[in-house]
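Hello,

Here is the structure you will be working with. Please look it over before reading the notes on its pockets below.

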Amino acid sequence: MNELIPASDLPGYRDWFEVVRTYAACERVLGERCAAAGLTLAQHDVLAVLLHEGPQRQNRLAERLFVTKSNVAALLARMERDGLIERDPDPDDARAKRVAPTNEGRSRAEAAMAAQVEVARGMIGQLTEAERAAMGEMMRRVRAFLESQ
């Protein structure tokens with residue numbers, strides 16, 4: 001019979017936990033910076049996709065953001081109510097809606113994206129070029145494992 005080992009006794013647990021804590025700290029800082037631009041992180045994510053990739057069908061946004069269609073529909077309803085996006089019939093399929101940012105949404109997104117670049121630059125600036133390359137390679141391997149599960 002296998003004995004239950006406390007997670008803290010696993011080799012590398014503290015290093016793994018540093019990744020988790022760093023992600024949480026990054027989300028907190030980005031959330032604060034997005035709030036200063038009048039957006040939540042989720043709203044920022046939607047607007048960033050729309051600005052980089054152009055108007056999208058709702059179901060494509062859900063796929064792109066890795067959320068369920070019902071979650072994105074509720075988020076988009078709030079964003080439309082707040083004047084951040086417009087939803088219009090898709091010219092290729094009248095049953096579908098295409099989502100595009102409003103001028104207000106674009107303005108707030110650009111402010112939030114500038115803050116995101118500032119945060120990323122600060123984080124990346126803590127590492128040498130070799131450390132960044134090694135970290136990127138390690139995270140790709142770990143993500144590949146997780147995606148295979």
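**Pockets**

His44, Asp45, Ala48, Val49, His52, Glu53, Arg64, Leu65, Phe66 and Gln116 line the second largest pocket. This is a predicted model, in which local features need pLDDT of at least 70, side-chain atom pairs count only at pLDDT 80 or more, and totals for chains, interfaces and linings use all residues. Residues are numbered from 1 along each chain as its sequence is written, and side-chain values use heavy atoms, with hydrogens and water left out.

A pocket is an open set of points, on a 1 Å grid over the protein atoms alone, where a 1.4 Å probe fits, with protein on both sides within 12 Å along at least five of seven lines; lining residues have an atom within 4 Å of a point. A volume is the space filled by probe spheres set on the points, which are joined across faces, edges and corners.

The second largest pocket holds about 170 Å³. α2 gives the largest share of its lining, 6 residues, and α2 and α3 (58-65) each supply at least two. Helices here are DSSP runs (H or I, at least four residues), numbered from the N terminus.

The largest pocket has a volume of about 1,500 Å³. Its lining has 31 residues, and Val19, Tyr23, Cys26, Met123 and Met139 lie nearest the centre. The largest share of this lining, 13 residues, is from α1. At least two lining residues each come from α1 (13-36), α2 (41-53), α5 (103-124) and α6 (129-148).

Regards
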